Number of protein chains: 2
Amino acid sequence: MSGVGSFVGIDLGGTKIRGVLADGEGRILASRQEPTGASEGSKAVFATLASIAASLVEEGRAAGRAPLAVGVGAPGPLDAERGIILVTENLPFVDFPLGPSLEARLGLPVKLDNDGCAAAMGEYLYGAGRGADPLVYVTASTGIGGGAIIGGRPLRGRGSNALEVGHMTLLPEGPECKCGNRGCAEALASGTAIAARAEEAVLAASSGGRPTSLSSCPRLGAEEVFREAGRGDAVAELIVSEALAYLGICVANLATLFDPELIVIGGGLCRSGERLFEAVRLAVRSRCSKAVSGTLRILPAGLGEDSGALGAAALAAQAACGDQAG
Amino acid sequence: MSGVGSFVGIDLGGTKIRGVLADGEGRILASRQEPTGASEGSKAVFATLASIAASLVEEGRAAGRAPLAVGVGAPGPLDAERGIILVTENLPFVDFPLGPSLEARLGLPVKLDNDGCAAAMGEYLYGAGRGADPLVYVTASTGIGGGAIIGGRPLRGRGSNALEVGHMTLLPEGPECKCGNRGCAEALASGTAIAARAEEAVLAASSGGRPTSLSSCPRLGAEEVFREAGRGDAVAELIVSEALAYLGICVANLATLFDPELIVIGGGLCRSGERLFEAVRLAVRSRCSKAVSGTLRILPAGLGEDSGALGAAALAAQAACGDQAG
């Protein structure tokens, strides 16, 4: 995989599309990022993704390291074999042939994979998880996702939809999730869930409920809720502590099922820092058997925002070089 | 693995110990079963297990098919590498060197493995799961356990404690589990949980609560609760339907995390028949993405009570023949 060739990896997220040009050892040669613009429809999102990929391909060629393949990590469910995004909750795609369309546009092989699977591979090969096996990766962001590496290979499942961590039921009669189920991890512990609880709290405050400083925030995202909690607002504090408790249960369940050596947590919510990791470690200690929790390490993602894109590049490289892992 | 040799497999359960003598293709040549007698202490349980194993070894030798290795499937957590049962909830073992003790007694290599892992392998090789990959196995009995086969190999995890299905949290503030956690699958949906709910209901009835025919049962096990529900007792019916709903959520979470081709369900609760499978299929349909549930098959164990013992024999055979799967 080393030498003059290179690989393009794209991480297609609900809020941003991130692309990297990387060599076969995971060194980033160039990167690009654009807002996803999910509200503008599937054609516009695809155009942005394709233009990021095309410019990275061009840059690779110009530097004498022509890319050999392109990997895309996308939210599921997918038909990874045929390169189709079946349906997504935070993106406007339904039965969208992203792989074939991008291949036609770039003239290069494109490997579509689950975004959690790609990020897990990125962390396993180049990030916090080097050599740790089994490794479970959890992303806590707008949504909640994940991936697992077992015996050096990503666990894909029958249809590349394994590790849909965000749709594990944690509270059977809990709040409704976009997926139609109730009490999913994503409906309880994601950035979107935190923002939804904040809006409910503001609404309650406006009709005589408990007052909260959230009422004076011009924008109500997870970041603002964490900030107001930090400033001592009791309502924001309750929202944050509940969400992190559920994230902890989610991670504890993954530990109980996979008995991993390492769990890596990435995604925007990690910007809340040590508080998140404390909550997760507490849940694991109190809910898992000692045989599982005693040796388990829990670490923040080592590649920051590049886990998914670098992992997608690595999976494309493996596919192109005939090592169809998993 | 075929030819004149044979293998002994032992399934160490909370209520019974089952042993088989099998050839390399999973054909059962002989079997033995004894009550575990868990209340009599670890020495007595080990003596029963060792005597079952010894008599099967003897029988194999007498038939000219001397066993080459012995496999034991035991409830975790384990230190499988060193052959030690660390602690169990339904058995009197703490840090018990079952593997070395049995090797010393029999003069044969002994492979200790997680009981769920062994049963999953049994079903994968010889039972309902032939050729289905990934395969997830769930046992619903006194306790709840499981195993997974991925790429033909059992998912063991770092310390052979993966797939502790019964200790997945399904209801964060739910009833206390023997493990110390709250709202575990085992505390909500196992035979033990059903019996505990029945006892609570009988107690409630005796102090002026809702009357129930359970009050006149001399023994209150899961079997009696299913029977009274079938006869129209509304209290028993509620207990059964709640437990099966939680079992369904448990299985749905496994489907969401593993995206398996097949989920096999074994264990004593399956004697309740189609009702259990209907509840599980309903939960999977309503809680999993269509990409996962659409192609997923859910089947009863094909080997009945022999999944664990046959799988333990197969894992011992793999270990003896150098194919240290997983």
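## The model and its confidence

This predicted model uses local features only at pLDDT of at least 70 and side-chain atom pairs only at pLDDT 80 or more, while totals for chains, interfaces and linings use all residues. Residues are numbered from 1 along each chain as its sequence is written, chains are lettered from A and ligands numbered from 1 in the order in which they are written, and side-chain values use heavy atoms, leaving out hydrogens and water.

For the complex, the predictor gives an ipTM of 0.93 and a pTM of 0.94.

## A sheet in chain A

Let's look at the strands (DSSP runs of E, at least two residues, numbered from the N terminus). Five of them, in the order S3-S2-S1-S4-S8, form an open sheet with mixed pairing in chain A; two strands pair if DSSP finds at least two bridges between them. Strands S3 (28-35) and S8 (110-114) of chain A each have a single partner strand, so one side of each lacks a neighbour in the sheet.

Strand S4 (residues 67-74) of chain A pairs with S8(A) in the parallel sense over 5 bridges. Within S8(A), A:Leu112 is the bridge partner of A:Val72.

## Cysteines

How many disulfides are there over all chains? The count is 0, taking a disulfide as a pair of cysteine sulfur atoms within 2.5 Å. For B:Cys177, the nearest cysteine sulfur belongs to B:Cys179, 3.7 Å away.

B:Cys177 counts as buried (under 20% relative accessible area, with exposed over 50% and partly exposed in between, using a 1.4 Å probe and protein chains only) because its relative accessibility is 7%.

Methods: Helices (H or I, at least four residues) and strands (E, at least two) are DSSP runs, numbered from the N terminus.
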